[in-house]
Amino acid sequence: MVEEFDYIIVGAGSAGCVVANRLSANPKNRVAIVEAGGRDANPWIHIPIGYFRTMHNPSVDWCYKTAADSGLNGRSIAWPRGKVLGGSSSINGLLYVRGQPEDFERWRQMGNSGWGWDDVLPYFRKAETFEGGSDEFRGNDGPLKVSKASVFRPICDSWIEAAANQGYPKNPDYNGSKQEGVGYFQVTTHKGRRCSAAVAYLHPAKSRSNLKIISRATITKINFEEKTAKGVTYLNEAGQLVQIGARKEVILSAGAIASPQILMLSGVGAGDELNDLGINVVANSPGVGKNLQDHLQARVVHKCNIRTLNDEAKSLPIKMGMALKYALNRSGPMTMAASLVYGFMKTGDHVATPDIQFHIQPWSASKVGEGVDSFSAFTSSVCQLRPESKGTVRLNSPDPVAYPTIAPNYLATENDQRTMVEGVRIARRIAESKPINGLIKSEYKPGPNVESYSEILDWIRNTSETIYHPTGTCKMGSDTNAVVSDRLTVHGVKRLRVVDCSIMPEIVSGNTNASAIMIGEKGAELIQADN
């Protein structure tokens, strides 16, 4: 027997939780959401600083790794993605960044009707309740709680002042009328707790009788009759294959890695590649798994002559005090996001809007999630906002539990290389400015011996890491490499959509979780309108 629903949502991540909530709000819709991970019961998920414990933890993280990348001098790097209710919104750094209005205007100009800035702004506003209050840009009655910074550090305050002295303006709301400038990040927390997509959207809906949450269920394929999606098959926790049916639509919200993987396993992808793996071709869609984009970060570290979080994390009494403060009133360092301060900046007059982003952290570590350094230090992490380089996600096996090959193709263009090098140089110039220069003992990374363009670029290739923003692998558009239409329906088949960050034709200029939730809001409305 095949249990039937009106809608089946694959993936309970940032977008999937939104779609599940909005569709099940209509009691006439019977909705199932299928998630490969488990419940978000791990307490470290809900403590903001808990990403130190959840990232790289296989119980809640897929723990992907990339293929060896020539742009990184042949290195393979870790690509964390959430494997739990809430998806990556349950393990991410909690930063709320929409991107630039120009990002969405470019989407519209690429032929995607309804995706310009004026089109998407209402969904950003609909999604959020912003602690700073509502205006023409900000919302005040949405499920997602967005808070202003509650933790401030002298090293971060000094960095903001130094950046301002270098001509970068202070900006009280980078999600408002303009993005450019420096200041403290906004975060997806509420009263000292993480506000993931599961907390905001799925938990309030889980008691609805018309919504079924199926966890620890790995999708093996979408079931088609001819070219019409009729349901999915999944592998449950007991190792059994289970089929469920969809009377109206199947909605893929599994993210930029798993959504194209599931499409290809189901016969939607480049026909020659699928034939090579013995997979029956349902629809020849050569763009599936292509157009992969991500933000790469280079982490500049300076040793300090004042105490930073490095010192506090090494002191047992201080750590006990942090825990007590959090337990008593949900405040203190345990409410910190992955970064405290932002900088959206231009590398020169050749760009109209910021093309780099800084994440300033009052701590340093050799690897994120693996403990802090033994000395006082802070980190200026810089990333290029709009990389030209594009990679791929490809199947290497028809086995649904085998990981696909992730090839980001970082730093493949001269512009990407030049922008990252200039970002490192800007980090150095700010560090040499008052007042922060008085708090710095020395540059630790890349170090004073790394000076020339080629030396800085080589250091970036040898040390940079992802900043966890994979997008674009089920590109929205109408060209031959587009996978979905501007209504997010999959080209070449019926009753199947993709609603997640994989539909981005170009990556947004900033952290991607806010846009994933916006896509979920707009996608849910498109689904309801079309049905």
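A disulfide is a pair of cysteine sulfur atoms within 2.5 Å. Keep that cut-off in mind for the first view of this predicted model.

**View 1. Cysteines without partners.** By this rule, the count of disulfides comes to zero. Take Cys63: the closest cysteine sulfur belongs to Cys17 and is 20 Å away, so the two are too far apart for a bond. Cys63 is partly exposed, since its relative accessible area is 30%. Cys474 is in no disulfide either, because a pair must be within 2.5 Å and the nearest cysteine sulfur, in Cys501, is 11 Å away. With a relative accessibility of 0%, Cys474 counts as buried.

**View 2. Helix H6 and its surroundings.** Here you can follow helix H6 through residues 154-165, twelve residues in total. From its first C-alpha to its last, H6 reaches 16 Å, close to the 16 Å expected at 1.5 Å a residue. Which residues of H6 are buried? They are Ile155, Cys156, Ser158, Trp159, Ile160, Ala162 and Ala163. Their cover includes strands S7 (181-184), S16 (296-304), S17 (341-345), S18 (356-361) and S19 (377-384), along with helix H12 (414-431). After H6 comes Gly167, with a positive phi near 100°.

**View 3. Two helices crossing.** Two packed helices are described by the angle between their axes and the distance between the axes. In this view, the axes of helix H1 (residues 14-24) and helix H14 (residues 513-530) cross at roughly 35° and come within 8 Å. The crossing of H1 past H14 is right-handed. On the H1 side, the contact is made by Ser14, Ala15, Val18, Val19, Arg22 and Leu23. H14 contributes Asn513, Ala516, Ile517, Gly520, Glu521, Ala524, Ile527 and Gln528. Sorted by class, this contact has eight nonpolar, four polar and two charged residues.

View 4. Look for Leu211 in strand S10 (residues 211-214). Is Leu211 buried or exposed? Leu211 counts as buried because its relative accessibility is 8%. Not counting residues up to four places away in sequence, Leu211 touches Ala20, Ser24, Val31, Ile33, Leu202, Ala205 and Lys206. Gly267, 56 residues from Leu211 in sequence, is 28 Å from it in space, C-alpha to C-alpha.

**View 5. Two buried threonines.** Thr419 sits in helix H12 and is buried, with a relative accessible area of 4%. Setting aside neighbours within four places in sequence, Thr419 is in contact with Thr347, Asp355, Ile356 and Gln384. Thr228 belongs to strand S12 (residues 228-235) and is also buried, at 16% relative accessible area. With neighbours within four places in sequence left aside, the contacts of Thr228 are Asn223, Lys494 and Arg495.

**View 6. Backbone exceptions in the loops.** Most residues other than glycine have a negative phi, and most peptide bonds are trans. Here, the peptide bond from Lys434 to Pro435 is cis, with omega near 0°, and Pro435 is in the loop between H12 and strand S22 (440-445). Lys445 and Pro446 are joined by a cis peptide bond as well, with omega about 5°; Pro446 is in the loop between S22 and helix H13 (453-463). Leu94 has a positive phi near 75° and lies in the loop between strand S4 (78-79) and helix H4 (101-109). Leu411 has a positive phi near 55° and is found in the loop between strand S21 (405-407) and H12. Leu94 counts as buried at 0% relative accessibility, and Leu411 counts as buried at 6%.

Notes:
Residues are numbered from 1 along each chain as its sequence is written. This is a predicted model: local features need pLDDT of at least 70, side-chain atom pairs count only at pLDDT 80 or more; totals for chains, interfaces and linings use all residues. Side-chain values use heavy atoms; hydrogens and water are left out. Helices (H or I, at least four residues) and strands (E, at least two) are DSSP runs, numbered from the N terminus. The expected span of a helix is 1.5 Å times one less than its number of residues. Buried means under 20% relative accessible area, exposed over 50%, partly exposed in between (1.4 Å probe, protein chains only). Contact means heavy atoms within 4.5 Å. Axes are lines fitted to C-alpha atoms, for helices over the stretch in contact, and angles run from 0 to 180 degrees between N-to-C directions. A crossing is left-handed if the near helix is turned anticlockwise from the far one by less than a right angle, and right-handed if clockwise. Ala, Val, Leu, Ile, Met, Phe, Trp, Tyr, Cys and Pro count as nonpolar, Asp, Glu, Lys and Arg as charged, and the others, Gly among them, as polar.
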